[in-house]
Amino acid sequence: GCQAKTYNYLQYKLLKTILTHRIFVMEQTTALVRIDDPRVILDLRYCTTNNITKKIISNIKEVYLTENAGNKLLLAVDKLYLAGYKLVVWDSYRTKATQSELRLVCSDDNFVARDSHHCKGLAIDVSLADMNGVFSDMGTDFDDFSPNAFSTAQNITQLSKNNRKILKGAMESNGFEQDKYEWWHFNFKHS
């Protein structure tokens, strides 16, 4: 296992003591932090059957990233919250076993990479919701492997384009880079 620090909103904002917990991630050698913030909505699809495999392929029911990525994610959450949004998280750290299950369904490297940054705690799949938790129109659902999922998709509504722009702005201004094939996927650039 490895050590994971837990950041909740109050601790982060007040720079209080960071709580330490253990997570058991046998293949992960870098310390991960657990993100626990009321402005973040968890809709972790791979812990449910509501995903492209139609089966549960993960038992990680919390958000984990490297410490630097986690700190920057909370800054993006701040920016979105001030603009009237909550961040929806569909996936963050995932095991190599989960990645292998996804590759069985989709072996296209543009959508499911052989060597995923998710397995390193350096990627996150996210969307937006309003302050009441109603998911924003983003043009497609999670893991939609069509051209409409591309970050430059034009065949979506103006509302969807605007929502994607808001999400991209918050994430990219805090060290994440949007994937060109999946509007929801962001890799952390500065580890």
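The largest nonpolar core of this predicted model has 41 residues, and L73, I124, L167 and M171 are those with the most contacts inside it. A nonpolar core is taken here as a set of buried Ala, Val, Leu, Ile, Met, Phe, Trp, Tyr and Cys residues joined through side-chain atoms within 4.5 Å; buried means under 20% relative accessible area, exposed over 50%, and partly exposed in between, with a 1.4 Å probe and protein chains only. Two or more residues of this core come from each of β3 (32–36), β4 (40–42), β5 (63–66), α2, β6 (85–91), β7 (123–130), α4 (158–172) and β9 (185–188). Helix α2 gives the most, with six residues. In soluble globular proteins, nonpolar side chains tend to be buried together.

Residues are numbered from 1 along each chain as its sequence is written. As the model is predicted, local features need pLDDT of at least 70 and side-chain atom pairs count only at pLDDT 80 or more, while totals for chains, interfaces and linings use all residues; side-chain values use heavy atoms, with hydrogens and water left out.

On the overall fold, the protein has four helices and nine strands, and from the N terminus on its elements run β-α-β-β-β-β-α-β-α-β-α-β-β. Helices (H or I, at least four residues) and strands (E, at least two) are DSSP runs, numbered from the N terminus. Of the 191 residues, 49% count as buried. The accessible surface comes to about 9500 Å², and 51% of it belongs to carbon and sulfur atoms; these areas come from the Shrake-Rupley method with a 1.4 Å probe, and for residues only the protein chains shown count as cover. Among contacts (heavy atoms within 4.5 Å) with a separation of 6 or more, residues 24 or more positions apart account for 70%.

Buried positions in α2 are A69, G70, L73, L74, A76, V77, D78 and L80. An α-helix has 3.6 residues a turn, so residues three or four places apart point the same way. After α2 comes G84, whose phi is positive, near 95°.

L80, placed in α2, is buried, with a relative accessible area of 2%. Leaving aside neighbours within four places in sequence, L80 is in contact with Y85, L87, L128, I166, L167 and A170. The C-alpha atoms of L80 and G169 are separated by 9.3 Å, although these residues are 89 apart along the chain. With the same exclusion of sequence neighbours, M171 is in contact with L73, A76, I124, V126, F176 and F186.

A salt bridge is a side-chain nitrogen of Lys or Arg within 4 Å of a carboxyl oxygen of Asp or Glu. R39 and D78 meet in one, at 2.6 Å from N to O. This pair links distant parts of the chain, with R39 in the loop between β3 and β4 and D78 in helix α2, 39 residues apart. Both R39 and D78 are buried, and together with D37 they are linked in a network of salt bridges.

R94 takes part in two further pairs. D91 forms a salt bridge with R94, the closest N and O atoms being 2.6 Å apart, and R94 meets D125 in another, at 3.6 Å. The latter pair also links distant parts of the chain: R94 is in the loop between β6 and α3 (96–105), D125 in strand β7, 31 residues apart. D91 counts as buried at 7% relative accessibility, R94 at 5%, and D125 is buried as well.

Another arginine, R103, lies in helix α3 and counts as buried at 16% relative accessibility. R103 touches D108, D109, V112, A113 and R114, not counting residues up to four places away in sequence.

Turning to cysteines, C47 counts as buried at 14% relative accessibility and C119 at 10%. The structure holds zero disulfides, a disulfide being a pair of cysteine sulfur atoms within 2.5 Å.
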